[in-house]
Amino acid sequence: MANGGDQIAEHLRAALDGPWRHVREKAREHLDDDRLYGDPSLDYKAARARVLEQMHLVSSFGWAELGFGRVTGGTSDPGGAVTALEMLAYTDLSLWVKCGVQWGLFGGAVDNLGTERHRDIIEKLLPLDLLGCFAMTETGHGSDVANLETTATYDPATEEFVVHSPTPSSRKDYIGGAAEHARMAAVFAQLVTGGETQGVHCFLVPIRDEAGNDLPGVTTSDDGLKGGLPGVDNGRILFDQVRIPRENLLNRYADVAPDGTYSSEIVNPSRRFFTTLGTLVRGRVSVGGAAAAAARVALSIAVRYGEQRRQFQDPDTGVETVLMDYRSHQRRLLPLVARAYALQFAQNDLVRRMHLVQTGQDLAEGAQRALEKRAAGFKVAQTRHATRAIQECREACGGAGYLTENRLVTLKADSDVFTTFEGDNLVLTQLVAKDLLTAYSDEVRDLDALGWVRFAATIARDEVRERSGVRQLIQRLRDRAGESVDDADLARRSVQLQLFADREDYLVRTAGHRLRARAKETGPFEAFNNAQDHILAAGTAHIDRLVLEAFIEGIAGIEDDEARELAETVCDLYVYTLLEENQAWYIMHRFMSVERAKNVRRGVNELVDRLRPNALTLIDGLGVPEKMLRAAMLDTP
């Protein structure tokens, strides 16, 4: 049985490892190294120094080069780069963030927004000869990037940009690397030339000399202690009339001539802005993946602990019962394991889509925009899952879970901010919903608030299913099983997907109606603000449906019959758990009877009972090697 379980786990792990399985397998070898794990006893200054040393070790793995084009010394494998760096989340999230800032955000900005004239910067940042940071967020503006206050004003007399922080709220804040290590910043600022503002662009601004001293006009400061991530030197930057060469504008999408003339192939300012931000989608994809990876570590620790920790005697046998044999323990952990499987399949699909777009293999109209929406949605789902799962794992391990030596509190502290950076989760959910309400139509992308509200109200019933292809997937599932609508019940995958799509359709349609009704009485902001809770619910429902679709497609790729059958049961648990969480909505809106809702609750109990004997097999399938868990309580006899 053990061997059979091991073989099933191998098949599950192979499926979850996804298209870049070879990258994950090699990464597991690299990461079996004590030097890559954090030391929670260090103060934050020492922790920062340790992470910087670790980065040099990671740079020898060749992972960073995967994310850059061949002309700049890379191998043009963005999917491989995201996958490899995601694996760092198994070791230390501070290390993952620092590497992500250097090669993903700073390096990604130069690679995706720059041109041949910036090639030397990439050649320096890859081997860490130049450490950089990504200076977008300001004290007064985080999510509202279009209205950043920092300015870069062109001076044709000297052919330089003058970078300036005009107000206290324009200070760049929370910037990883800004407190100590970075010598150059990719600064997002309002480009001004000839007296006209052309919107937010990205500029390379040196901020420190070789000795680590601030350059003239630059003032950096330390954000100090945070709730987690002690190895990341988050800091603030103020600019006082800092001059940089004209060539330091990253000019892939816009340029300024020596005489100050502004030019861009993208005429529409809004479209140009979104094109610029869209090229940086890899960061958002990576944050979600790392959060989900941290949750897999926590679940692996908690379930293994639950298999060995005993509590209270069985009155029939006199033997103490292991925690995982209690229904309450199964219910608190196994649904989260099921969600971890669902989200990993979703991440694999997302990375594949990102790779195709960023390598030019998918040039379909709307592919980039669809990628951005999906990345936003999955980032929300993964980071929320991490926050919830890691906390539940901590509680499930009792007092032992609160000891730093068992990693859970460190994982909790380090991953908490993931719900905020690379897009606040509520804002991202709203972004997803806005795309739904505009029905993916290019003609409304640049509408003002009033135009958007009016358009949203025109949504027709079933718009989501018709445009997204979910109706076709439902029909394929029915055809595959030889089902008819009359035969449907909750055990059928097509019925499950139908329930998810029904909720999404209803919320999107009624949100549009609510916006229209309110817009007749008041202004567009009030109309939107009044319906914001409804809009967020629609976005969440859409994300849930996309994740389920990815799970279904992922299972279809499992070749081994036993492994696929087990994965099908895990998928059922994922579905039943979400239906249970939303059963009040389904009953209230008459998509589910009270009796059917009771069946859902009973179904969760039956499924966790069925999966209980396979708990360790499922944990092995998640792909975090036991020796990488580094939790002292798992070594206790």
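A disulfide is taken here as a pair of cysteine sulfur atoms within 2.5 Å, and a search of the whole structure finds zero of them. The model is a predicted one, in which local features need pLDDT of at least 70 and side-chain atom pairs count only at pLDDT 80 or more, whereas totals for chains, interfaces and linings use all residues. Residues are numbered from 1 along each chain as its sequence is written, and side-chain values use heavy atoms, with hydrogens and water left out.

View 1. The protein chain holds 23 helices and 13 strands, where helices (H or I, at least four residues) and strands (E, at least two) are DSSP runs numbered from the N terminus. Of its 637 residues, 57% are buried, a term that stands for under 20% relative accessible area, with exposed meaning over 50% and partly exposed the range in between (1.4 Å probe, protein chains only). C99 counts as buried because its relative accessibility is 0%, and C202 counts as buried at 2%. The protein chain exposes about 26100 Å², of which carbon and sulfur atoms supply 49%; accessible areas come from the Shrake-Rupley method with a 1.4 Å probe, and for residues only the protein chains shown count as cover. Among contacts in the protein chain with a separation of 6 or more, 73% are between residues 24 or more positions apart, contact meaning heavy atoms within 4.5 Å.

**View 2. The open sheet of β4, β8 and β7.** Three strands form this open sheet in the order β4-β8-β7, with antiparallel pairing; two strands are said to pair if DSSP finds at least two bridges between them. The edge strands, each pairing on one side only, are β4 (172–176) and β7 (218–222). Neighbouring strands of the sheet are turned against each other by 30 degrees on average, direction ignored, the axes being lines fitted to C-alpha atoms (for helices over the stretch in contact) and angles running from 0 to 180 degrees between N-to-C directions. Three bridges join β4 to β8, and K172 stands opposite I237 in β8.

View 3. N234 lies in β8, which spans residues 234–239, and counts as buried because its relative accessibility is 12%. Its side chain is joined to that of K226 by a polar contact of 3.2 Å; a polar contact is a pair of N or O atoms within 3.5 Å, and within protein one must be able to donate a hydrogen and the other to accept it, while residues adjacent in sequence count only if both atoms are side-chain atoms. Leaving aside neighbours within four places in sequence, the residues in contact with N234 include R48, Y174, D222 and D223, as well as K226 itself.

**View 4. Strand β2 between two kinds of pairing.** Four of the five residues of β2 (residues 151–155) are buried, so this strand is largely enclosed by the rest of the structure. With β3 (residues 160–164), β2 pairs in the antiparallel sense over five bridges, whereas with β5 (residues 184–193) β2 pairs in the parallel sense over three bridges. T151 takes part in both pairings, its bridge partner being H164 in β3 and Q190 in β5. The hairpin of β2 and β3 has four residues between the strands, and E159 in the turn has a positive phi of about 55 degrees.

View 5. E149 is found in the loop between β1 (132–135) and β2, and at 21% relative accessibility it counts as partly exposed. The side chain of E149 makes a polar contact of 2.5 Å with the side chain of S169, and the C-alpha atoms of these two residues, 20 residues apart along the chain, are separated by 7.8 Å. Not counting residues up to four places away in sequence, E149 also touches E138, H141, P166, T167 and S170, among others.

**View 6. Helix α8 and its start.** P269 has its place in helix α8, residues 269–278, and counts as exposed because its relative accessibility is 54%. At the start of α8, a side-chain oxygen of N268 reaches to within 2.9 Å of the backbone nitrogen of S270.
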